[in-house]
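Subject: Handover of a two-chain model

Dear colleague,

I am handing over the structure below, and after it you will find what was found in it. Please read the notes with the structure open beside them.

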Amino acid sequence: MIDTKTSPLNRAAEAVARSTPSRLVKRVTGLSDRMVAWLFIGPTMVLLLAINIFPLFWAIGLSFTNYRANRPNEPVESVGLRNYERILTDPDIWIAMQTTANFVFWTILLQTVIGFGLAYLIDRKFRGHAFWTTIILVPMMLSPAVVGNFWRFLYEPQIGLFAYAVSFVSGIPPTEIEMLSNVSLAPWSIIIVDTWMWSPYVMLICLAGLRSIPDYIYEAAEVDRASPIRQFLSITLPMALPFIMLAILFRGIENFKMFDMVNLLTGGGPGSTTEVASITLKREAFEKWRTGYSSAFAIILFVAVFGLANIYVKALNRVKQR
Amino acid sequence: MSLTTAHSVVVPSTTSKRIAAVLIVAYALISIVPLLWIFATSFKTPPDSIAYPPKILFQPSTEGYCNLFTTRTRQTAEYIASLPPATSFCDEVTRKRNMVIAGPSNFLPRFVNSLIIAFGSTFCAVFLGTLAAYGFSRFKVPLADDLLFFILSTRMMPPIAVAIPIYLMYRELGLSDSALGMILLYTAVNVSLAVWLLKGFIDEIPREYEEAAMIDGYTRLQAFWKVVLPQATTGIAATAIFCLIFAWNEYAFAALLTSGTAQTAPPFIPTIIGEGGQDWPAVAAGTTIFLVPILVFTILLRKQLLRGITFGAVRK
């Protein structure tokens, strides 16, 4: 006779029942899938509402006032749209936006060229490529602030390694290579560090793109006797383009927000030659304490990133569909 | 990943492979020079660190590490001569520079803050993210796509813009300069990435597994706990590394919202100064200690990391 109580299924069920207290079992088995769904998604939503959405609306509210965070007891007056009006007509803000655009343009250009180049070379699959890929990836894992801070030392005109290496190659005396205090070199000091850190990121995404191109396309091109340059221009580049564009999107958003390195390397100086939007925002909000004004600026920045990213994603989707 | 077969006509030629190898190795070596320089500087004495031309060969010293962990005061030679003999290497080095150790520096507490905040927020973000990702993956959630896009778009905001209202809110709630406040903030920032990555991983686990378990009498929660979670461990680990790297490296929020008790290492390290300027060996020592955990992670877990980066980026 078969004892049903010892069948493996029953034993498993019993073990489960024993491991959960009976009251919990009752409650748990009573949960519908819909309840479980909200139980699972709810906490994340509550956290995002509390830490992202609520402050965002608070900032929108503040942007219509003249509130100053360092004088919480002063009466707060509503100023309507005056903050927005002032920001959009302030030449300094436009200069900061131009500086930011300049940074975004050059960092993306350099990182895309270097990143794609590296990916293309690594895709030759020479022996040991996996090891060297890991080495190349290391800079992007590190803290931009902590490593960026150390670059100040490398940039020191006389004692810094960077100035020494440049003077060794170019013959310019090392005391004249003032990367951080020279008006025309300071923007490049930041672009160089950012490119050093983030080209590997572009490389990784491009590598995924290159590896997604099926081999039979190249085989067909070989059969048709297409030259390597022709293959590169009409197969490799167009098929990797959506990936390159994606990398540009991610780097674009990140560099629009750029703060860490600029704050530590130049702090916006010399003068205001490297004052990007984030630095202006920090000065207005946490040094001049014009909270209402800076909230309005923050909202404008957010709308700008969001709008530009959306337009870009539309273009990206069109490229993908081709 | 490789689709090439031995007889494929598209295998790169030996020459092109050689050229590629030379260029990649050259780039890799140049790109790690700054990191090697940090490491080397941390073992230099202050005079060696600012020598011209920069010293590649030098007598290693742990003075930088001594200076990193201590605060020192200048004393007269007579006072130092009157002290009992130095008990440790750090004592000895400090006295050679006509100084005595006054006490421990703030580096260790700041480093511990970094550990608490990074691991605390990573745990919370992965915990919440796994639940939410499962919810989005398996149930019909109204407006799911909009919610997911919205969750992700919260990362597009410049940190300074986010910090203004957070600063005011934390001041009202008494969370300013507190580890709890930073953990909450980093969790909120990371959970968006965690949900996005983990949903991809959980989508790949066949629903049939849980359904079979539920037919066997498991409830939905038991099926999630005993069937889905064990399958998702790789994805959860990869996500956790990303969250940890973000929280460990974060600077902007930490610099604006913490100043004392809850300050993390990234805003602290740039403030390490010696007499007459930045004490570069001490900064390098702090930087080295701060970077080592991430370096070890990167090298040990590179496969998961690679998967996570390309995965997160390449998905629609």
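This is a predicted model: local features need pLDDT of at least 70, side-chain atom pairs count only at pLDDT 80 or more; totals for chains, interfaces and linings use all residues.

Residues are numbered from 1 along each chain as its sequence is written, while chains are lettered from A and ligands numbered from 1 in the order in which they are written.

To begin with chain A, it holds 14 helices and zero strands. Its radius of gyration (taken over C-alpha atoms) is set against a globule rule of 2.2 Å times the number of residues to the power 0.38. The value for chain A is 28 Å, well over the 20 Å that the rule gives for 322 residues, so the chain is more spread out than a compact globule. Along the principal axes, the C-alpha atoms of chain A fill a box of roughly 95 × 75 × 45 Å.

Burial is judged by counting other C-beta atoms, placed from the backbone, within 10 Å of a residue's own: 20 or more make the residue buried, 12 or fewer make it exposed, and anything in between makes it partly exposed. By that count, buried residues make up 38% of the 322 residues in chain A. In helix α7 (residues 144-154) of chain A, eleven of the eleven residues are buried, so this helix is largely enclosed by the rest of the structure. Among the buried residues of α7(A) are Asn149(A), Trp151(A) and Arg152(A).

Two residues are in contact if their C-beta atoms, placed from the backbone, lie within 7 Å. Of the contacts in chain A with a separation of 6 or more, 69% join residues 24 or more positions apart. The contact between the two chains takes 82 residues from chain A and 87 residues from chain B. Helix α3 (residues 33-62) of chain A gives the most to the side of chain A that touches chain B, with 15 residues. For the make-up of that side, Ala, Val, Leu, Ile, Met, Phe, Trp, Tyr, Cys and Pro count as nonpolar, Asp, Glu, Lys and Arg as charged, and the others, Gly among them, as polar. On this basis the residues of the side of chain A that touches chain B divide into 60 nonpolar, twelve polar and ten charged.

Two helix pairs in chain B come next. Axes are lines fitted to C-alpha atoms, for helices over the stretch in contact, and angles run from 0 to 180 degrees between N-to-C directions. Angles under 35 degrees count as roughly parallel, over 145 as roughly antiparallel, 65 to 115 as roughly perpendicular and the rest as oblique. Helix α6 (residues 107-138) of chain B and helix α9 (residues 179-203) of chain B pack at an angle of about 40°, with their axes 6 Å apart, and α6(B) and α9(B) are therefore oblique to each other. The residues of the contact of α6(B) with α9(B) divide into 19 nonpolar, eight polar and two charged.

The axes of helix α1 (residues 14-42) of chain B and helix α15 (residues 280-300) of chain B come within 7 Å and cross at roughly 120°, which makes α1(B) oblique to α15(B). From α1(B) the contact includes Ile38(B) and Phe39(B), and from α15(B) it includes Trp280(B) and Pro281(B). The residues of this contact of α1(B) with α15(B) divide into six nonpolar, four polar and no charged.

Some loop residues also deserve a look. The peptide bond from Tyr52(B) to Pro53(B) is cis, with omega near -5°, and Pro53(B) has its place in the loop between α2 (46-49) and α3 (63-69) of chain B. Arg225(A) has a phi near 60°, a positive value in a residue other than glycine, and sits in the loop between α10 (215-223) and α11 (228-256) of chain A. Arg225(A) is exposed, with 7 other C-beta atoms within 10 Å. In chain B, Asn98(B) also has a positive phi, near 60°, and lies in the loop between α5 (89-96) and β2 (99-104). Asn98(B) counts as partly exposed, with 13 C-beta neighbours inside 10 Å.

With best wishes

Note on methods:
Helices (H or I, at least four residues) and strands (E, at least two) are DSSP runs, numbered from the N terminus.
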